[in-house]
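Hi there,

Here is the structure I promised to pass along.

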Amino acid sequence: MSDTLEYHVLHIAVETESEGRAILDELARDPDRFGDLARKRSKDPLSAAKGGDLGWGQEDDYAEAFAAALVRLRPGRFSDLVPSQYGFHIIKLAATRPARHVDED
């Protein structure tokens with residue numbers, strides 16, 4: 001697949017739908033607060049410390065519902081609440097790029 005993309009992904013993970021809806025309300029008022037809200041409210045400590053940054057990954061690196069929401073986003077936009085086995089996520093797509101292929105010789 002030469003047209004495979006990599007996604008630079010950020011997220012905010014929360015336990016409950018109500019927590020997620022409250023964060024979405026805050027983001028509706030000020031979308032630039034995504035990183036700040038991730039640091040303060042995400043239950044994923046590794047990405048929270050980096051403002052929600054998960055780094056670069058391909059679609060199949062993520063759980064099905066997460067990936068399905070991710071691939072519909074345009075860079076700079078964030079998702080509605082996405083349920084997963086880990087709780088609820090708000091996903092932000094920072095950028096995309098062509099996937100780097102590594103020879104496995």
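The largest nonpolar core holds 12 residues: Leu-10, Ile-12, Val-14, Ile-23, Leu-24, Leu-27, Phe-34, Leu-37, Ala-38, Leu-81, Phe-88 and Ile-90. Two or more of these residues come from each of β1, α1, α2 (34–41) and β4. A second, separate core has 11 residues, including Phe-66, Leu-70, Val-82 and Leu-93. By nonpolar core I mean a set of buried Ala, Val, Leu, Ile, Met, Phe, Trp, Tyr and Cys residues joined through side-chain atoms within 4.5 Å, where buried is under 20% relative accessible area (1.4 Å probe, protein chains only).

Please note that this is a predicted model: local features need pLDDT of at least 70, side-chain atom pairs count only at pLDDT 80 or more, and totals for chains, interfaces and linings use all residues. Residues are numbered from 1 along each chain as its sequence is written, and side-chain values use heavy atoms, with hydrogens and water left out.

Now the sheet. It is open, with 4 strands in the order β2-β1-β4-β3 and antiparallel pairing. Strands are DSSP runs of E, at least two residues, and helices are runs of H or I, at least four, numbered from the N terminus; two strands pair if DSSP finds at least two bridges between them. At the edges are β2 (53–58) and β3 (82–84), each pairing on one side only. Strands β1 (residues 5–14) and β4 (residues 87–98) are joined by 10 bridges, and Val-14 stands opposite Phe-88 in β4.

Best wishes

Definitions and conventions:
Buried < 20%, exposed > 50% of the residue type's maximum accessible area, 1.4 Å probe, protein only.
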